[in-house]
Amino acid sequence: MADLPFALSLQRNAGEPLHAQLAAQVRGAVLAGTLPGGAALPGTRTLAAALGVTRGVVADAYATLIADGTLEAAVGRGTRVPPGAARDAPPETDAAPGWLPPVPPLPIDGPVPATGLHFQAGVTGTATLDARAWRQAWAAAARAPVGGDYADPAGESELRAALAAFVGRQRGLGAGAAQVVVTAGTLHALNLIVRALLPPASAVLVENPGYRAARQVLLDAGHTAVPVPVDGDGLVVGPDTPPARLAFVTPSHQFPLGGRMSLPRRLALLAWAQRHDALIVEDDYDGEFRYDAPPLPTLASLAAQTGAAGRVIYLGTLSKVLTPALRTGFLVASPALLPALVRARTLLDFGHALPVQRALSWLLLGGHLDRHMRRARRWHAGVLGALSRELAPLAPQATLGGIQAGLHVCLHLAPGLDAREVTAALARRGVFVSTLESYTFAGPVPNALLLGFGGLNVETARRGAREIVGVVRALSGSDNGADSID
């Protein structure tokens with residue numbers, strides 16, 4: 001068109017002005033090299049006639065392109081493409097700096113498919129949630145005045161006081177509101193801790209097998225994760241336990257083996273922290289869910305009784321108490337640590353969303369969360385009971401561990417069985433479980449299956465357990481009448 005090496009098309013009914021359309025198409029041709037450096041553009045009258053538009057449309061388009069350097073105009077030479085205006089190569093669709101490090105895979109499981117029966121760890125159901133109270137909580141939050149300023153990065157004072165009282169009732173931890181910082185969950189709290197409190201390249205003790213996402217947080221922050229063995233009594237602490245700046249533990253329901261850290265081990269860990277001037281992060285994982293077992297004191301409360309006060313940072317979360325959708329947790333720390341933690345929270349995201357905080361305050365102060373906890377414990381105890389009864393006949397080929405607390409158990413397999421083979425056979429039947437391979441950071445992988453039951457009900461737990469029984473018996477050769485697992 002008008003001696004141009006590409007076609008122009010202007011749409012009169014488009015929302016964009018005609019001169020802007022023309023400028024964009026010419027600019028694209030220059031950048032792509034279709035109009036090379038030095039190429040002359042038609043005169044305004046010539047191009048306007050060819051396009052069937054007024055001369056002003058072309059003049060405005062040329063003026064725009066001359067202003068941004070796409071074209072140049074000189075007396076006696078007309079309008080041309082300046083040298084060097086074209087790109088040397090086609091535009092990249094996803095350019096990134098060459099120095100960016102490779103991105104390792106996320107150490108978490110993605111959303112589960114809708115089909116199949118999933119023994120997924122780390123989730124909970126909402127069947128016991130009081131829908132009426134839930135709606136009222138958000139209505140109360142919506143009625144609160146809308147402020148035009150940022151709130152306290154540590155959290156609203158009302159919610160911090162309510163959380164301090166809640167953890168005191170549920171876990172016997174005496175703490176004041178000033179010691180509480182509202183977080184977006186356990187991993188968020190751990191990110192604050194390792195970035196705000198630890199010197200660069202610190203050594204941190206982690207349970208092995210253990211919480212893989214927590215380990216990755218440490219590694220991404222430039223610290224060294226030192227794996228320490230775990231047995232039925234929790235983290236193995238002794239004279240050979242190496243020094244470190246911090247230890248990350250899940251003493252209430254160890255993840256993933258499910259055991260409780262015994263009182264002697266708790267005292268030994270506190271002594272280790274005092275000896276090496278270290279801190280302990282107590283992730284009270286599943287601490288609210290206990291079945292037929294007396295609760296052991298939290299490490300944080302035990303520290304206050306044994307002269308190690310201030311050594312323990314307590315992490316709590318409402319993800320499994322209510323729902324992960326809230327993305328709300330909290331930490332309890334000594335006053336000496338709070339300024340650095342609140343500073344880190346401020347620089348990271350300036351605090352938690354106010355409507356979420358206000359809705360949670362309403363649920364806590366009205367006693368709704370405590371009532372929900374009682375209903376949830378009964379529900380999960382029923383699911384665990386059904387699961388345990390169905391799997392009990394598998395002994396000694398397979399035995400359950402970690403049944404005193406929490407929302408997951410470990411099914412330990414006899415040496416003649418292979419956890420990966422059992423997992424694959426179950427998957428072919430539409431039942432999905434995990435091995436401990438990705439949770440083990442050093443040494444042999446425990447021969448066990450991880451069975452999360454927080455998202456199941458009694459019927460689905462029974463159905464899944466019966467499939468596990470059938471596969472284990474078939475693979476162990478103890479059920480001669482079983483059909484082929486294939």
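The model is predicted, so local features need pLDDT of at least 70 and side-chain atom pairs count only at pLDDT 80 or more, while totals for chains, interfaces and linings use all residues. Residues are numbered from 1 along each chain as its sequence is written, and side-chain values use heavy atoms, with hydrogens and water left out.

Start with the sheet. Strands of a sheet pair through backbone hydrogen bonds, either parallel or antiparallel. Here 8 strands form an open sheet, in the order β4-β11-β10-β9-β8-β5-β6-β7. The pairing is mixed. Helices (H or I, at least four residues) and strands (E, at least two) are DSSP runs, numbered from the N terminus. Two strands pair if DSSP finds at least two bridges between them. The edges belong to β4 (180–183) and β7 (234–235). Each has a single partner strand, so one side of each is left without a neighbour in the sheet. Helix α5 (residues 157–171) packs on the sheet and touches β4, β10 and β11 (contact means heavy atoms within 4.5 Å). The direction of α5 makes about 100 degrees with that of β4. For such angles, axes are lines fitted to C-alpha atoms, for helices over the stretch in contact, and angles run from 0 to 180 degrees between N-to-C directions.

Now look at strand β10 (residues 312–317). Is it buried or exposed? Of its 6 residues, 6 are buried. Buried means under 20% relative accessible area, exposed means over 50%, and partly exposed lies in between (1.4 Å probe, protein chains only). Both faces of β10 are covered. V312, Y314 and G316 are buried on one side. I313, L315 and T317 are buried on the other.

β10 has a partner in β9 (residues 279–283), and these two strands run parallel over 4 bridges.

Of its 6 residues, 5 are buried, so β5 is largely enclosed by the rest of the structure. β5 runs parallel to β6 (residues 224–231), and 6 bridges join the two. V204 stands opposite L246 in β8.

Next come the charged pairs. A salt bridge is a side-chain nitrogen of Lys or Arg within 4 Å of a carboxyl oxygen of Asp or Glu. How many salt bridges does a search of the whole structure find? The search finds 12. One of them joins R212 and D109, whose closest N and O atoms are 2.8 Å apart. R212 lies in helix α7 and D109 in the loop between β2 (78–80) and β3 (117–118), so the pair ties together parts that are 103 residues apart in sequence. R212 is buried at 13% relative accessibility. D109 is partly exposed at 46%.

A further salt bridge links D231 and R265, with the closest N and O atoms 2.8 Å apart. D231 sits in strand β6 and R265 in helix α8 (residues 263–275), so the pair ties together parts 34 residues apart in sequence. D231 is partly exposed, at 33%. R265 is buried, at 15%.

Finish with helix α2 (residues 44–51). Its buried residues are T44, L47, A48 and L51. Seen down the axis of α2, they fall within an arc of 100 degrees, so they line one face of the helix. The arc is that of the directions from the helix axis to the C-beta atoms. An α-helix has 3.6 residues a turn, so residues three or four places apart point the same way. On the other side of α2, R45 and A49 are exposed. The cover over the buried residues of α2 includes α1 (18–32) and α3 (55–67). After α2 comes G52, with a positive phi near 75 degrees.
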